[in-house]
Amino acid sequence: MSRLVECVPNFSEGNNQEVIDAISQAIVQTQGCVLLDVDAGPSTNRTVYTFVGQPEDVVEGALNAARVAFRLIDMSKHKGEHPRMGALDVCPFIPVRGVDMDDCVLCARAFGQRLAKELGVPVYLYGEAAQMASRRTLPAIRAGEYEALPEKLKQAEWMPDFGPSSFVPSWGATATGARKFLLAFNINLLSTKEQAHRIALNLREQGRGKDQPGRLKKVQGIGWYLDEKNLAQVSTNLLDFEVTALHVVYEETCREAQELNLPVVGSQLVGLVPLKALLDSAAFYCEKENLFILEEEHRIRLVVNRLGLDSLSPFNPKERIIEYMVPDSGPEQSLVDKSLRAFVREVGARSATPGGGSVAAASAAMGASLACMAGLMTYGRRQFEHLDTTMRRLIPPFHAASAKLTALVDEDARSFEACLEAMKLPRNTPEERDRRAAALQKGLRQAVAVPLALAETVASLWPALQEMALCVNVACQSDLQVAAKALEMGMFGAYFNVLINLKDISDDKFKNQIRQHISSLLQEAKTQAALVLDRLEKRQE
């Protein structure tokens, strides 16, 4: 799995296309960096760039972009709706894949130190990279904005983390840090700037001050007016969408606007968005409106509609959802993206992977999919209308399990490759032998964890399969019979793969616990599969 960091530098230029393009080119021409999005705002006079790469590559990409901005942007002439204090106002690093927050903190510190040294500009660390509590939040660092910097830099408490304490008129100052995904989410209002800001003050966590906090945790917000769109926006930053979700901000804004008799006319996401943020909102609207929507594509379409994400410009999921733009397969095609013929051929090739674990996961995934199909062949048909409520409850677990089990096809192959890599490590000295042994034990535990996850996923499906066997469209009898045996086969495969990888693990207590657990899951699978087949046979009679 490739190590991937996202960098989202915000530059204080949103109108001069030559400058915007020059910064884009600096990023694109940096080896290892992939530019995903460029979002320019004329009214805010600010452009948000989003690019990804390995940790060391994104640091270089950000520096190359900053060098161009240093030549082309003059902050002494800058005006715009968005709060700002520098030509490169803020440059956060965000973990995407194969890295953690500590890696991103190192990126921020390396970038800040090099930026200050090379360009001679003040740099502050914020977020997870902050070295003092008073600098954790961006609004605290940016208070007073660019105009306050000449006096602010003279104060001891605002000595930069890197660079001089002197004011650089053409640049200002830069904040860099590490954080979770930040969602820049703006809700459109047919109102004045002042009315939009009033709503923002009621919602944002900071509120109107310590004595009047707002309602939404981990949310920043202001109100502004977009001249080019002839409407106002409640402009928010969601610092942690798992604490306060997109739909919560939107619904609360609608409630506030309704009290002021103001129309909400859609919303806008700036930059890229994690898939989970949209699926969480889809789940909310499905529950709120009692909707039965399984497919990911349809759920995303629902959210785009309910939040009005396409109100100002088209919202193309393939260009806006980060997981769709940066696949996890690396340079080689993933197993599940291959044709069936190619996958079968690769299983039969003279190589250790894909092996029995991947085949077991594929079998179980097809079993779950067959059960899902049988449910869908029952749901929505007039003759089975009385079963619609039941099918709406039974189908989703199989649909979700199918996706999870499909992912395990590749995960199993990758987990075994970690063991193979550990075996290649040198063992000439005691230290090397210890390192190799630790890496091998870690790889073996991962090689156990994947088939164990397969087994536990299959085990969770038996109650729903038992109930489905009693009432599903009888025309799908054979499909459900095959589903039961395919799931059982997946369990057998998981059992054998757990045992083969357990034998070389040195922790005897861990080995005994897992062996007992997987044995009980296998025995239960045998019993449950037989019961499903018996119920289906009786229905035929």
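A few ground rules first. Residues are numbered from 1 along each chain as its sequence is written. In this predicted model, local features need pLDDT of at least 70 and side-chain atom pairs count only at pLDDT 80 or more, while totals for chains, interfaces and linings use all residues; side-chain values use heavy atoms, without hydrogens and water.

**Exercise 1. Find which elements of the protein chain have the lowest and the highest mean pLDDT.**

Solution. Recall that pLDDT is the predictor's confidence in each residue, from 0 to 100. The protein chain averages 93, and 98% of the residues score at least 70. Now go by element (helices are DSSP runs of H or I with at least four residues, strands are runs of E with at least two, numbered from the N terminus).

**Exercise 2. Work out the order of the strands in the open sheet of 4 strands.**

Solution. Start with pairing, for which DSSP must find at least two bridges between two strands. Strands S8 (residues 183-189) and S10 (residues 231-238) run antiparallel and are joined by 7 bridges; Leu183 has Leu238 as its bridge partner in S10.

**Exercise 3. Check the length of helix H2 (residues 55-72) and find what its buried residues pack against.**

Solution. The expected span is 1.5 Å times one less than the number of residues. For the 18 residues of H2 this gives 26 Å, and the end C-alpha atoms are 26 Å apart, which agrees. Next, pick out the buried residues (under 20% relative accessible area, with a 1.4 Å probe and protein chains only): among them are Pro55, Asp57, Val59 and Val68. The buried residues of H2 pack against strands S1, S2, S4 and S5 and helices H1 and H3.

**Exercise 4. Identify which residues touch the most other members of the largest nonpolar core.**

Solution. A nonpolar core is a set of buried Ala, Val, Leu, Ile, Met, Phe, Trp, Tyr and Cys residues joined through side-chain atoms within 4.5 Å. Of the 63 residues in the largest one, the answer is Phe398, Leu405, Leu454, Leu465 and Leu480. Helix H14 gives the largest share of this core, 11 residues. Leaving out residues up to four places away in sequence, Leu454 touches residues including Leu405, Leu408 and Met491 (contact means heavy atoms within 4.5 Å).

Definitions and conventions
Buried < 20%, exposed > 50% of the residue type's maximum accessible area, 1.4 Å probe, protein only.
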